[in-house]
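Here is a walk through a two-chain model, meant to be read with the structure open beside you.

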There are 2 protein chains.
Amino acid sequence: MHILITGASGMLGRKVVDRLMRDGLGGHEVSALTLVDVVVPEAPAGFPGRLDAFSADLSASGIAQQLIDGRPDVIFHLAAIVSGEAEADFEKGYRINLDSTRDLFDAIRHAHAADGYHPRVVFASSIAVMGAPLPYPIPDAFHTTPLTSYGTQKAICELLLADYSRHGFFDGIGIRLPTICIRPGTPNKAASGFFSNILREPLVGKPAILPVPDSIRHWHTSPRSAVGFMVHAATMDLGKLGPHRNLSMPGLSATVGEQIEALRRVAGESAVALIRREPDATITRMCEGWAPGFEAARARALGFTAEDSFDQIIRAHIEDELEAPR
Amino acid sequence: MHILITGASGMLGRKVVDRLMRDGLGGHEVSALTLVDVVVPEAPAGFPGRLDAFSADLSASGIAQQLIDGRPDVIFHLAAIVSGEAEADFEKGYRINLDSTRDLFDAIRHAHAADGYHPRVVFASSIAVMGAPLPYPIPDAFHTTPLTSYGTQKAICELLLADYSRHGFFDGIGIRLPTICIRPGTPNKAASGFFSNILREPLVGKPAILPVPDSIRHWHTSPRSAVGFMVHAATMDLGKLGPHRNLSMPGLSATVGEQIEALRRVAGESAVALIRREPDATITRMCEGWAPGFEAARARALGFTAEDSFDQIIRAHIEDELEAPR
């Protein structure tokens with residue numbers, strides 16, 4: 001089985017590669033792996049198959065065609081520039097997040113016309129396709145009214161994915177990822193970074209800043225579950241999906257206060273004491289517009305699963321990042 | 001006031017021109033009119049202002065820029081190829097219905113950057129952004145899961161319109177038009193044509209074919225109301241819209257049986273006798289996936305109005321088409 005991953009150097013991309021190396025995909029061994037990102041993706045240790053890992057600007061002319069030349073069986077399309085950058089650089093956001101995706105989809109369409117090529121395409125979408133005012137929980141049939149260019153680009157790609165799949169050009173599924181928590185690594189400047197920072201940093205004895213009230217409710221899933229979504233999307237029977245190809249994933253709806261209580265249970269009072277409250281009105285206002293939680297009834301019925309408690313999310317982080325660093 | 005209309009040779013475009021000639025727009029006289037379509041738009045009789053009416057392929061390079069050069073105050077963007085053609089010619093559908101719209105929006109964005117240009121943009125969207133399964137009535141917050149490429153293209157343009165408006169490049173509003181009934185002219189090959197044919201033809205003593213059961217429920221508005229939506233969208237205070245720029249218009253939800261009863265009341269038994277039932281399973285199946293009706297609560301609250309009965313719709317046709325032909 002030949003697998004292509006765009007955005008393979010990102011957090012999710014690297015973890016998907018790790019999982020494929022460990023488990024294969026749907027009972028198949030991975031015989032060929034094409035990894036692409038703006039920085040050269042790391043080669044997986046000891047991979048015996050054919051590896052093609054390279055850096056490229058996905059929006060450059062001819063790149064989409066090149067990615068499809070090897071006719072990968074499964075494509076994980078994870079590449080995107082993040083929300084803040086897409087908002088600040090309007091043209092780059094549309095070029096990378098929308099035009100590159102359409103180029104990829106069109107390259108597949110042309111290959112389909114040429115030789116019947118018909119890969120599985122797993123697209124990483126986002127809860128950013130939703131925009132306030134939002135109910136809680138958000139039903140599966142709720143409209144997409146994004147309030148960022150990033151969310152707009154993801155919502156447009158979802159529509160393209162559904163239409164190209166309906167025409168039979170490929171077999172696509174869009175995965176609306178919750179906010180990933182606990183995000184490994186170091187604190188970054190993303191406005192949502194604190195959701196992870198207030199857990200990850202205290203777990204290793206470091207301080208973290210909390211800019212919002214404990215009452216803020218948001219929608220989370222672990223990196224481990226996010227990888228699980230990708231693998232399930234790549235292997236499940238898509239006949240059950242019908243024409244509605246984009247799914248809000250299951251996750252855990254929790255307040256910041258509930259996150260902190262879970263930290264207390266797992267790591268004790270000393271960890272909680274490392275959280276410093278520094279209220280930030282701008283970040284708080286942004287958070288209030290974010291998705292508080294989804295029903296995700298369709299995705300659950302289709303076999304997608306996530307954590308039931310923040311204790312599990314924290315333990316997954318300890319197991320995957322602190323006890324068994326990659 | 002300078003007004004640009006794309007798709008100006010179409011049924012709606014011509015009627016919008018007529019209304020502007022009669023009433024002006026929002027208390028302003030129309031001093032300049034730019035009309036563009038694939039066939040040269042008819043010049044309105046006796047228009048004393050500056051008229052620029054020409055044929056163009058909107059997707060051709062430089063056309064969008066040319067349309068914006070005169071800095072129209074209000075843009076009615078009505079141009080599109082129809083659903084059947086967009087489905088049959090995938091690339092043409094995306095080129096005309098999506099890329100031309102994005103070109104137009106980008107031309108405005110560049111003009112905005114150059115000199116602060118900030119027009120009102122009224123975009124003709126469609127209930128085709130919705131796809132089965134559909135509840136009745138469809139709430140305003142229902143998701144867009146189109147089942148045609150045409151509907152996909154309209155849904156994408158809605159997302160672009162909202163994002164470009166949010167960035168302040170223009171002041172946009174998207175109008176999801178119900179099926180227009182009674183559509184003037186001659187019977188066409190559109191699968192939905194019978195909704196108009198079974199009224200329009202018997203009203204002038206001609207036979208019409210009904211391919212679906214009387215129980216089929218659909219969502220209608222008169223050409224007169226559709227023009228009213230466009231004018232209201234061009235003149236209302238968009239500050240009330242917030243970031244949700246696309247509105248499902250009010251209309252009349254009626255079964256085919258209810259259409260026929262209205263015809264009986266307005267034109268008598270002899271008219272109804274001209275309807276010949278020729279059941280068509282394919283058309284019936286298509287109809288069953290179409291929108292049965294919308295709440296349209298937001299649009300109504302914002303002052304958009306439509307007919308309350310099919311008798312009114314039929315009378316509007318008699319007044320506007322049969323008694324006062326244009």
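Helices here are DSSP runs of H or I with at least four residues, strands are runs of E with at least two, and both are numbered from the N terminus. Keep in mind that this is a predicted model.

**The annotated stretch**

Let's begin with what the record says. UniProt, in an unreviewed entry, lists residues 3–206 of chain A as "domain: NAD-dependent epimerase/dehydratase". Over residues 3–206 of chain A, the chain is 39% helix and 18% strand.

**How the two chains sit together**

Now for the interface itself. On the chain B side, 34 residues are in contact with 34 residues of chain A. The area buried between the two chains is about 2,800 Å², and carbon and sulfur atoms give 59% of that. Within chain B, the residues that lose the most area to chain A are B:F90, B:L159 and B:H244, which together account for 22% of what that side buries. Since 100% of the interface residues of chain B are also interface residues in chain A, the copies meet through the same surface.

**Helix α10 of chain B**

Next, go to helix α10 of chain B, residues 281–288. Its buried residues are B:I283, B:T284 and B:C287. They cover an arc of only 100° around the helix axis, so they are on the same side of α10(B). Part of what covers those buried residues is α6 of chain B, residues 194–203. Turn to the face pointing away from the buried side and you'll find the exposed residues B:A281, B:R285 and B:E288. At the start of the helix, a side-chain oxygen of B:D280 reaches to within 2.9 Å of the backbone nitrogen of B:T282.

**A buried histidine in chain A**

Over in chain A, A:H218 is part of strand β9, residues 217–221. Is A:H218 buried or exposed? Its relative accessibility is 2%, so A:H218 counts as buried. What does A:H218 contact, leaving aside its neighbours within four places in sequence? Its contacts include A:I127, A:F195, A:L252 and A:W290. The side chain also has polar partners: it makes a polar contact with the side chain of A:T179 at 2.6 Å, and the backbone oxygen of A:A291 lies 3.0 Å from one of its polar atoms. For a sense of distance, A:H218 and A:G242 are 24 residues apart in sequence and 29 Å apart in space, C-alpha to C-alpha.

**A serine in a chain B loop**

B:S59 is found in the loop between β3 (50–55) and α2 (63–69) of chain B. With 17% relative accessibility, B:S59 counts as buried, because the cut-off for that is under 20%. Not counting residues up to four places away in sequence, B:S59 touches B:R95, B:I96, B:S100 and B:D103. With B:R95 there is a polar contact between side chains, at 3.4 Å.

**Backbone spots to check**

| Site | Backbone feature | Value |
|---|---|---|
| B:Y136 to B:P137 | cis peptide bond | omega near -5° |
| B:C181 to B:I182 | cis peptide bond | omega near 10° |
| A:R71 | positive phi, not glycine | phi near 50° |
| B:A296 | positive phi, not glycine | phi near 55° |

Where do these sites fall? B:P137 is in the loop between β5 (120–126) and α5 (149–166) of chain B. B:I182 is in the loop between β7 (179–180) and α6 of chain B. A:R71 sits in the loop between α2 (63–69) and β4 (74–77) of chain A, and it is partly exposed, at a relative accessible area of 27%. B:A296 belongs to the loop between α10 and α11 (297–301) of chain B, and it is buried, with a relative accessible area of 0%.

Notes:
Residues numbered from 1 in each chain as written. Chains lettered and ligands numbered in written order. Predicted model: local features only at pLDDT ≥ 70, side-chain atom pairs only at ≥ 80, totals over all residues. Heavy atoms only, no water. UniProt positions renumbered as here; feature names shortened; annotations may be inferred. Contact = heavy atoms within 4.5 Å. Buried < 20%, exposed > 50% of the residue type's maximum accessible area, 1.4 Å probe, protein only. Arc of directions from axis to C-beta. Polar contact = N/O pair within 3.5 Å; in protein donor to acceptor, adjacent residues only side chain to side chain. Buried area = accessible area lost by both parts, 1.4 Å probe.
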